[in-house]
Each structure stands twice: as structure tokens, then as C-alpha cells.
Amino acid sequence: MNTTCQCGATHFLTPLPSPLAIYICHCLECRRQSSSAFGISAKFPRFPLPKDAPLGCYTRATPSGGATDCYFCRKCGSRLVHDNARKAAVSVKGGCIDGLDISGAVHIWCKRAIVPIPEGAVRWEEEPGE
């Protein structure tokens with residue numbers, strides 16, 4: 001899937017034609033990162049990011065004691081990928097993916113939601129499995 005930042009300086013293809021899973025996250029971290037009511041993450045197997053792209057990285061602590069590397073375009077600031085070394089997949093931020101269909105997305109951290117969760121949506125009050 002074609003992925004592009006807001007200004008177009010950073011772009012890449014995902015390693016699969018569709019994500020392994022899509023999450024709409026209502027946690028405070030995702031709300032702050034997206035400056036919106038939720039964040040959208042499409043999970044893909046870990047893949048190398050383009051070496052010639054103007055990427056920056058912000059590393060933040062996770063509640064489990066690990067760290068997540070948050071890659072963004074240094075020209076426009078768009079967040080593109082989150083990578084946690086403890087996980088086999090990376091999260092590509094949904095708003096940057098051309099043609100992403102979120103109709104089957106799983107809503108997580110619903111206990112923190114500030115907008116209604118669609119009726120019939122798969123939902124978790126926190127992380128899946130907790």
C-alpha cells in the first residue's frame with residue numbers, strides 16, 4: 001500500500017497489499033499523537049524504512065516498561081510508523097496510507113473514548129487480550 005506524509009517528501013510501500021490488522025485506538029497517547037479523538041494504526045510485518053527519506057525518530061516509554069520508536073517526516077512532521085522492538089509487527093499510521101479501508105477495524109482503549117464507538121464494532125476496553 002502506498003504510504004505518504006503530508007508534504008510528500010517521505011513515501012514508501014508497505015510489505016503487504018493489506019494490513020495484518022487495523023486498530024482505532026482511543027488511548028490518551030494516540031489522541032495526543034493524532035491531535036484528534038483517536039489514532040488509526042495498520043499493523044504490518046516489520047520492514048526497512050527508506051534510507052533516503054527525511055525521517056526523524058522520537059522514542060517514548062510504554063506503559064509496559066518498553067519503548068516505542070515513532071518515525072515522522074522531518075519536513076512536515078507527519079507521524080508515519082511506530083516500532084516497538086518487543087513486537088514482530090510495526091504500526092503504520094492509517095491517515096498516511098492511500099485507500100485504507102477501516103470498516104473492519106478493532107477499537108481499543110474504549111474506556112478512554114471521547115466519541116461513540118460504532119454499534120457492532122469489535123471493541124476492547126484496553127489492549128486486546130487484557
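The largest pocket has a volume of about 780 Å³ in this predicted model. A total of 28 residues line this pocket, and Arg60, Pro63, Lys87, Trp109 and Glu127 are the closest to its centre. The fold includes an open sheet of 7 strands, and the largest nonpolar core comprises 21 residues.

**Pocket lining**

- Strand 8 makes the greatest contribution to the lining of the largest pocket, with 4 residues.
- At least two lining residues come from each of strand 3, helix 1 (28-34), strand 4, strand 7 and strand 8.

**Sheet architecture**

- The 7 strands of the open sheet follow the order 5-6-7-8-4-3-9, and their pairing is mixed.
- The edges are formed by strand 5 (55-61) and strand 9 (106-108); each has a single partner strand, so one side of each lacks a neighbour in the sheet.
- From one strand to the next, the twist averages 30°.
- Strand 3 and strand 9 run parallel and are joined by 3 bridges.
- Ile24 is positioned opposite His107, a residue of strand 9.

**Nonpolar cores**

- Within the largest core, the residues with the most contacts are Phe44, Phe47, Leu80, Val81, Ile97 and Leu100.
- Two or more residues of this core are given by each of strand 3 (21-25), strand 4 (39-45), strand 7 (79-83) and strand 8 (89-93).
- Strand 4 provides the largest share of this core, namely 3 residues.
- A second, separate core consists of 6 residues, including Cys25, Cys27, Cys30 and Val106.
- Phe47 is in contact with Phe12, Leu13, Pro15, Val90 and Val92, when its neighbours within four places in sequence are left aside.

- Ile22 belongs to strand 3.
- The relative accessible area of Ile22 is 12%; because buried means under 20%, Ile22 is classed as buried.
- Not counting residues up to four places away in sequence, Ile22 touches Ile40, Ser41, Ala42, Leu100, Asp101, Ile102, Ala105 and Val106.
- One of these partners, Leu100, is among the residues with the most contacts inside the largest core, while another, Val106, is included in the second core.
- Ile22 and Arg46 lie 24 residues apart along the chain, and their C-alpha atoms are separated by 15 Å.

Conventions. Residues numbered from 1 in each chain as written. Predicted model: local features only at pLDDT ≥ 70, side-chain atom pairs only at ≥ 80, totals over all residues. Heavy atoms only, no water. Core = buried A, V, L, I, M, F, W, Y, C linked by side-chain atoms within 4.5 Å. Buried < 20%, exposed > 50% of the residue type's maximum accessible area, 1.4 Å probe, protein only. Contact = heavy atoms within 4.5 Å. Pairing = 2+ DSSP bridges. Axes fitted to C-alpha atoms, helices over the stretch in contact; angles between N-to-C directions. 1 Å grid on protein atoms, 1.4 Å probe; cavity = no way out; pocket = protein on both sides within 12 Å on 5 of 7 lines; lining within 4 Å. Points joined across faces, edges and corners; volume = space filled by probe spheres on them.
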